[in-house]
Amino acid sequence: MALQALQSSGVTFRKILSHFPEELSLAFVYGSGVYRQAGPSSDQKNAMLDFVFTVDDPVAWHSKNLKKNWRHYSFLKVLGPKMITSIQNNYGAGVYYNSLIMCDGRLIKYGVISTNILIEDLLNWNNLYIAGRLQKPVKIISMNEDVTLRSALDRNLKSAVTTAFLMLPESFSEEDLFIEIAGLSYSGDFRMVVGEDKTKVLNIVKPNIAHFQELYGSILQENPQVVYKSQQGRLEIDKSPEGQFTQLMTLPKSLQQQIHHIMDSPGKNRDVEETLFQVAHDPDCGDVVRLGLSAIVRPSSIRQSTKGIFTAGMKKSVIYSSLKLHKMWKGWLRKTS
């Protein structure tokens, strides 16, 4: 599987992981604290490390973590592990974040998500939140032998490629492709207007082309719909209506449904396949796909950010938001200087 190529044996990450309950189906770390980024994050030697822990039994995991790391939680800890799990699973994007934690001398943030909810997001893009994180290079610290999870991780990468193809011209560069892929989970995200540096996607991709190649190289080589000239870093795809229809039919279910909702005229009551056939023949096919992505990401990002105020607590939320705004301000100053 492509993701295994990015596994890390980093002692720092494993030491941090040892502070948490062991029952994890997947643990990874991502962001500017792991992969060098251009722009305002480029000079952050001790940038915050962002972790995600996937757990089969979140009630049991939070119960143990509350005993080990009581201080990590906001006032919600008094409600107990069952209520924390209910908040985790039923609100926002299905992930519960504890933010601004000092662990082994590093500032960290960690999110906890149920294995079954992550698998659903990877396959169907219900929220495109953690699934979106996993479309970009991450360092996998721990992964069990769950075949279903591994298959879903691979499916998510293939879906990202197909979706990007629909929004690109007939011929394009590897960098063009990776920029589209990295931007999928930011489509319609309100934080890209307030709080996130607007050049964030470019800053993620440009210093990490080799990592994106490692992540997606085998998928591109094996994809029958693309001519991948890896030596020249160029790709060509089939932009015929037939080719686009094939791609649309393999998109994750939630994205197909959003496209159907956008394009289905009142009273026609067509099925999803009929709508996708129409979109495949539309010269604005790529724009329709982008609108579908925004319809998934925008409400998901708003709900998750609102939930973060409660899971982090008001004080930490204010500090975290100010750090994001400071990064955005630094990025703006760099562009204008």
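M83 is found in helix α3 (residues 81-90), where helices (H or I, at least four residues) and strands (E, at least two) are DSSP runs numbered from the N terminus. The model is predicted: local features need pLDDT of at least 70, side-chain atom pairs count only at pLDDT 80 or more, and totals for chains, interfaces and linings use all residues. Residues are numbered from 1 along each chain as its sequence is written, and side-chain values use heavy atoms, with hydrogens and water left out.

M83 is partly exposed, with a relative accessible area of 39%; buried means under 20% relative accessible area, exposed over 50%, and partly exposed in between (1.4 Å probe, protein chains only). Together with W70, V78 and L79, M83 forms a nonpolar patch on the surface, with about 420 Å² of accessible area. Patches are made of residues with over 30% relative accessible area and no salt bridge, nonpolar side chains (Val, Leu, Ile, Met, Phe, Trp, Tyr) being joined within 5 Å and like charges within 9 Å. A salt bridge is a side-chain nitrogen of Lys or Arg within 4 Å of a carboxyl oxygen of Asp or Glu. Accessible areas come from the Shrake-Rupley method with a 1.4 Å probe; for residues, only the protein chains shown count as cover.

Strand β2 (residues 49-55) has seven of its seven residues buried, so it is largely enclosed by the rest of the structure. Two strands pair if DSSP finds at least two bridges between them. Strand β1 (residues 26-30) pairs with β2 in the antiparallel sense over five bridges, and V29 stands opposite F51. With strand β4 (residues 106-114), β2 pairs in the parallel sense over seven bridges; here F53 stands opposite V112.

An open sheet is formed by three strands in the order β6-β8-β7, with antiparallel pairing. Its edge strands, β6 (171-173) and β7 (226-229), each pair on one side only. Strand β7 is joined to strand β8 (residues 234-237) by four bridges, and L235 in β8 is the bridge partner of Y228. Helix α7 (residues 174-183) lies across β6, β7 and β8, running at about 80° to β6. Axes are lines fitted to C-alpha atoms, for helices over the stretch in contact, and angles run from 0 to 180 degrees between N-to-C directions; contact means heavy atoms within 4.5 Å.

The protein chain as a whole contains 14 helices and eight strands. Of its 337 residues, 55% count as buried.
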